[in-house]
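I opened this entry to keep a record of what I looked up in one protein model, going from the sheet to the helices, the rings and the backbone.

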Amino acid sequence: MDGARADAGQGRQRDASIDDVARRAGVSGQTVSRVANGRSNVGAATRERVLAAMRELGYRPNSAARALRSGRFRSIGVVVFTLASYGNLRMLEAVAAAATERRYALTLMPLTRPTHADVSAALDRLGEQAVDGVIVLIESHLIGTAEAQLRRGVPVVVVDSRASGRAAVVDTDQFTGARLATEHLLELGHETVWHVAGPQDSYSAGLRLRGWRETLLAHGRPVPEPVHGDWYSDSGYAAGRSLAAEPRLTAVFAANDQMALGVLRALTEARLRIPRDVSVAGFDDMPEARNFIPPLTTVHQDFAAVGGAAVQALVQEIEGGPPAEYREIAPRLMVRGSTGTPTGRGRRSPGPAAGG
């Protein structure tokens with residue numbers, strides 16, 4: 001019976017060791033270790049011989065022992081509130097892809113409430129588990145990470161929020177994205193732009209609202225009172241029904257594509273033609289946006305770039321590099337059929353601003 005597959009004394013199988021693989025491949029144990037750890041300083045032919053021996057013997061690297069030797073677990077914790085929203089789901093997908101590419105596993109810690117206390121408790125729990133660092137994906141105006149980070153010594157990167165303490169922050173440039181959409185509508189000839197905003201406690205919604213408002217003010221335009229939704233299409237539909245009764249309305253910027261979809265339905269039901277009577281723009285560039293009727297003009301968020309930058313910043317600190325600084329990923333405007341020159345309702349002045 002093969003000594004690499006069985007315990008000779010008792011006749012039961014045991015896991016193959018590095019020495020077993022080394023003997024089978026005719027190399028040193030150090031070479032097997034380099035291959036198992038993905039090191040590049042092994043020749044292609046030697047690497048293939050070692051991998052073939054691993055497959056033949058059913059060798060599995062002992063990750064626990066490796067973690068004890070290196071002090072790293074090759075695991076990243078992710079704290080997230082709600083996977084129901086498109087943005088959070090895409091961001092988590094991007095983080096998972098970037099972590100897998102760097103050979104890190106993910107430990108997911110979902111929250112039922114996005115409060116400071118719950119985030120701190122989640123960081124504490126992850127600090128007790130085998131993770132090398134944590135990514136916090138919470139839409140909140142301020143994440144209090146300093147206490148947990150300093151107490152546990154675990155690097156933290158925050159996405160889609162601000163952070164107290166030393167945590168790095170990676171995000172889309174939300175303000176610029178809103179400016180691009182608003183300026184596009186003004187350049188088409190609209191006197192002003194109404195806004196369907198996200199939740200008032202959302203960090204990204206606040207930045208998009210500020211980008212919309214400051215762009216209108218910079219162009220000397222009135223600032224209508226924003227209508228707040230909850231990121232979902234039903235709230236966009238309710239906002240659209242309210243806005244449809246506004247005779248001065250010719251352009252709407254919705255803070256995300258899902259709410260824009262609801263706005264489109266409400267305006268269409270009110271017999272308003274898109275974009276002849278009212279132009280509508282969104283934010284996110286979800287894949288379905290190009291198949292809306294009409295196709296939606298929207299701000300493209302590069303979720304893959306944000307997720308990759310977040311993982312890169314975290315791994316950099318995990319592996320002994322300096323903490324990353326604040327980083328923003330530039331968005332871009334995708335112009336489609338839902339926006340155009342206001343030829344139906346005309347270019348009428350909206351009169352005094354309702355807010356701003």
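The notes below follow the order in which I looked things up.

**Before starting.** I noted that this is a predicted model, in which local features need pLDDT of at least 70, side-chain atom pairs count only at pLDDT 80 or more, and totals for chains, interfaces and linings use all residues. Residues are numbered from 1 along each chain as its sequence is written, and side-chain values use heavy atoms, with hydrogens and water left out.

**The sheet.** I took helices (H or I, at least four residues) and strands (E, at least two) as DSSP runs, numbered from the N terminus. I also kept in mind that two strands pair if DSSP finds at least two bridges between them. In what order do the strands of the open sheet lie? I read the order S7-S6-S8-S9-S10-S12, six strands with mixed pairing. S7 and S12 (332-334) stand at the edges with a single partner strand each, so one side of each has no neighbour in the sheet. I then followed S12 to S10, to which three bridges join it in an antiparallel arrangement, and found that His300 has Arg332 in S12 as its bridge partner.

**The helix on the sheet.** H8 packs on this sheet and touches S8 (251-254), S9, S10 and S12, while its direction makes about 165° with that of S8. Here contact means heavy atoms within 4.5 Å, and axes are lines fitted to C-alpha atoms, for helices over the stretch in contact, with angles running from 0 to 180 degrees between N-to-C directions. H8 covers residues 174-187, which is 14 residues, and reaches 20 Å from its first C-alpha to its last, close to the 20 Å expected at 1.5 Å a residue; the expected span is 1.5 Å times one less than the number of residues. I listed its buried residues (under 20% relative accessible area, with exposed over 50% and partly exposed in between, for a 1.4 Å probe and protein chains only), and among them are Gln174, Ala178, Ala181 and Leu185. After H8 comes Gly189, with a positive phi near 115°.

**Rings.** How many aromatic pairs does the count give? It comes to one, where rings of Phe, Tyr and Trp (its six-membered ring) pair if their centres lie within 6.5 Å, and planes under 30 degrees apart count as stacked, over 60 as edge-to-face and the rest as tilted. The pair is Tyr86 and Phe303, edge-to-face, at 5.8 Å centre to centre with 85° between the planes. Tyr86 in H5 (residues 86-101) and Phe303 in H12 (residues 303-318) are 217 residues apart, so I noted that the pair links distant parts of the chain. Both Tyr86 and Phe303 are buried.

**Backbone.** I reminded myself that most residues other than glycine have a negative phi, and most peptide bonds are trans. Trp231 has a positive phi of about 85° although it is not a glycine; it lies in the loop between S7 (227-228) and H10 (233-244) and is buried at 8% relative accessibility. Asp285, in the loop between S9 and S10, has a positive phi of about 60° and is likewise buried, with a relative accessible area of 8%. The peptide bond from Ile274 to Pro275 is cis, with omega near 5°, and Pro275 lies in the loop between H11 (257-269) and S9 (279-284). Another cis bond joins Ile293 and Pro294, with omega about -5°.
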